Amino acid sequence: MTETRVRMRIERYADQGRCVSHLEDGRVVFVRFALPGELVEVLLDEPHGRAGRFATGEVTKVLEASPDRREPVWPLAGPLAWGGGLGGADLIHVSLPGQLAWKADLIGQQMARLGGVDVQVPVARVPGDEELGGLHWRTRIELVADDQGRPSMRRRGLHDRLPIQTMPLATQELLDQADELGIWEGGLPAGARIRLAVPQPRDGGPVGDNYALLVDGRLSKGSRLLTERLEAGAGPAYQVRADGFWQVHRQAPVVLTKAVLDQARQALDGVAEPVVWDLYCGSGLFTLPLAALADGQARLLAVEGSAGAIASAKNNVKRAGLDRVTLRRGDVAKVLAGGAPKGLGHPDLILLDPPRAGAKAQVCRLLAASGAGTIIYVACDPTSLARDTATLISLGYSPKHLEAFDIYPMTHHVETVAVFTRTTGRRR
């Protein structure tokens, strides 16, 4: 296979951790490990013939560097040409301030292009991340055992697996637990899927048995049910399945819950017995604190499609002694289309935290049909949020507030909290 290397000036940020440049024939090139303004040498991926509408490639040499460029603190996650190629940290070459600027620019781009809204959304860094250099934030990691039974990751574009001795994005507590369990020493079944989950101790104390090592989905060590807290010794305690979803950043549940509750309190100010919908509720991260609104007089409908997650949510609601929460398992669109339970059909507030694909048009239409005065949308993908923003605007809602949080340092991912208020046909 003939390699094609080109020299190009990088123009702007793009999605998926890439930047944009152009070939001499005018085609767009999406370049990995680049930064705007740089002059770089790029190895184009196959295919790169003229028939393609665009090309992709990866930096092999930096001729003129951006002030935001840094040597990768985890070289194995850097460019292939520099001995890297492992996934999961596509902004490893960018300074921490540069990562915030990149994500803010991308949110603005997508909201303007797809949402029809001209906004500037600053991205807030999570407390503690700067001191840790953007590392040590993951409370869950997933790896695969290579042919020798060692934990490994696959290099991008190649078939070989590279055994690794550490995971710099993982919390120190997780790394300590991995050492104690001898994870890096191998001895695992070849090809086995490995998941290690270690909730962050809020009191700084020992992990104890509050961790889980899963091998091919089966519990090998630790506990099947994990306990998560937002603060030490206070507030709700959540029990979460070891193989279930939970916000992976050690501080994300704290930061996002505060952001959601701040906006929810403003939206429900003066409402004595508010009705709230909590859609895509997962294990109940937001459900429990939302139920405490209005001095515990809020009534909630919580909906989740995952059987494991809704079982956890029901358990957490029961353990918290909440009797004003109704839980439903199922596809959100189908559950809402089937009609809400008696007394919960006209929400004052809707919170939704959909998967990366977003809520999509059908769900947005059902939200608008409910007449809710305020919608709080927690989004893990700016593109999906922007598309749904355009739909909600067409249905009579206006974006009132947007803020973003860098709960995925060293990656292109970013979390955004958007608040929409009804501008037409407001229900009184």
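**Close-up views of a predicted model**

**View 1. Trp-184 sits in the loop between helix 2 (172-181) and strand 11 (193-197).** Helices (H or I, at least four residues) and strands (E, at least two) are DSSP runs, numbered from the N terminus. The model is predicted: local features need pLDDT of at least 70, side-chain atom pairs count only at pLDDT 80 or more, and totals for chains, interfaces and linings use all residues. Residues are numbered from 1 along each chain as its sequence is written, and side-chain values use heavy atoms, with hydrogens and water left out. Trp-184 counts as buried because its relative accessibility is 9% (buried means under 20% relative accessible area, with a 1.4 Å probe and protein chains only).

**View 2. The largest cavity has a volume of about 80 Å³.** On a 1 Å grid over the protein atoms alone, a cavity is a set of points where a 1.4 Å probe fits but cannot get out; a pocket is an open set with protein on both sides within 12 Å along at least five of seven lines; lining residues have an atom within 4 Å of a point. Points are joined across faces, edges and corners, and a volume is the space filled by probe spheres set on them. The lining of the largest cavity includes Asp-15, Arg-356, Cys-380 and His-412. Helix 1 (96-113) and helix 9 (382-394) each supply at least two of its lining residues.

**View 3. The largest pocket has a volume of about 1,100 Å³.** Its lining comprises 46 residues; Arg-138, Phe-245, Val-248, Arg-356 and Tyr-408 lie nearest its centre. Strand 8 (residues 140-145) gives the largest share of this lining, four residues.

Definitions and conventions:
Buried < 20%, exposed > 50% of the residue type's maximum accessible area, 1.4 Å probe, protein only.
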